[in-house]
Amino acid sequence: MSRIAYVNGAYVHHHHACVHIEDRGYQFSDGVYEVWAIRQGKMLDNAGHFQRLKRSLGELRIAAPMSDAALRVVLHEMMRKNRVRNGLVYLQITRGVAPRDHAFPNNTLPSIVVTAKCTNPGKADQTARNGVTVITVPDERWARCDIKSVSLLPNILAKQAAHEKGAFEAWMVDNNGLITEGSSSNAWIVSKEGVLTTRNLSSDILGGITRAHVLTLAAERQMKVEERSFSLEEAQNAREAFMTSATTLVTPITHIDAKAVGGGKPGPLASALRKDYLKSAAT
Ligand SMILES: Cc1ncc(COP(=O)(O)O)c(C=O)c1O
């Protein structure tokens, strides 16, 4: 079966899908994106992703190319056409095509691209059962990390550094020695005192939709939670560490910069939160 992409109103073969060379996403990274996880044919945390998309577009003053209802139809159609029961849907909206000039163009329609792909949930679940390793890198990003912008160079360099060291993810460290987040995930620890801890929302991090869902699950479990910054040292000495994102859901971390966390095994709370997440996302 050939893959299908959605580009500016048309469903086209993935292989032939293209945008104009003067699309501002291509020229300037002038756009935003969203990623939905699909499990058993269901888009997880749908409302949260729609809300964040609206916010990102608003912060950059890019017009929504269609109504939420129309967008929902496109996303579902993409899942259907690509037969995605388990996988990811990727959406990108840019300010559109215009002669190259830094300032916003007048009367330009935003561009929209959607792709969908299948992933192997069994493999992801196995990765989570094994746990993953992370390294740390300096956070070299801009001051508006709360916007889900397609401008991802520092994140790409961070992830590449992780892969070159055989690690799964890179956690970024700010100028004060505190962890901000992963290159494509939010960072969490269970502190020595047993408190579930993740950095507070600000323009230093992306407000992860999975993060928000996990906070709700933690409240349901009546866990002690603190939204605050933590250092690399605190993370390495924590009881547990884990990451959250639409692509990894809740994934335990066993090593940070080669130092074992929680005995080098996936932590029980992280594993329980992953189970809770999958259960509640399926309802
Ligand atoms: C930098 C960054 N932080 C956090 C996240 C997690 O966000 P979400 O849970 O909405 O996927 C992502 C996801 O792509 C990300 O790129």
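**Group meeting: loops, helices and the ligand shell**

Let me begin with Ser-29, which sits in the loop joining helix 1 (24-28) to strand 3 (31-39). Helices here are DSSP runs of H or I with at least four residues, strands are runs of E with at least two, and both are numbered from the N terminus. The model is a predicted one, in which local features need pLDDT of at least 70 and side-chain atom pairs count only at pLDDT 80 or more, while totals for chains, interfaces and linings use all residues. Residues are numbered from 1 along each chain as its sequence is written, and side-chain values use heavy atoms, with hydrogens and water left out.

Ser-29 has a positive phi, near 55 degrees, although the residue is not a glycine. Most residues other than glycine have a negative phi. With a relative accessible area of 29%, Ser-29 is partly exposed. On this scale, buried means under 20% relative accessible area, exposed means over 50%, and partly exposed lies in between, for a 1.4 Å probe and protein chains only. Asp-257 belongs to the loop between strand 14 (249-256) and strand 15 (259-260), and its relative accessibility of 30% makes it partly exposed.

I turn now to helix 5. Its twelve residues, 153-164, reach 16 Å from the first C-alpha to the last, close to the 16 Å expected at 1.5 Å a residue. The expected span is 1.5 Å times one less than the number of residues. Which residues of helix 5 are buried? They are Asn-155, Ala-158 and Ala-162. These three lie on the same side of helix 5 because they cover an arc of only 65 degrees around the axis, the arc being that of the directions from the helix axis to the C-beta atoms. Strand 7 (132-138) and strand 8 (169-173) are among the elements that cover the buried residues, where contact means heavy atoms within 4.5 Å. The face turned away from the buried side carries the exposed residues Leu-153, Ile-156, Leu-157 and Glu-164. After helix 5 comes Gly-166, with a positive phi near 75 degrees.

Next, the ligand. It is surrounded by 18 residues, of which the closest are Arg-52, Glu-181, Ile-209, Thr-210 and Ala-246; a residue is counted if one of its heavy atoms lies within 4 Å. A nitrogen atom of the ligand is 2.6 Å from an N or O atom in the side chain of Glu-181. An oxygen atom of the ligand lies 2.8 Å from a polar backbone atom of Ile-209, and an oxygen atom of the ligand is 2.6 Å from an N or O atom in the side chain of Thr-210. The protein covers 94% of the 390 Å² of accessible area that the ligand has on its own. The elements giving two or more residues to the shell are helix 2 (46-60), strand 9 (179-182), helix 6 (209-220) and strand 13 (240-245).

Just after helix 6, Gln-222 takes a positive phi of about 55 degrees.

Is Thr-197 buried or exposed? At 0% relative accessibility, Thr-197 counts as buried.

Conventions
Polar contact = N/O pair within 3.5 Å; in protein donor to acceptor, adjacent residues only side chain to side chain. Areas by Shrake-Rupley, 256 points an atom, 1.4 Å probe, with all protein chains shown as cover.
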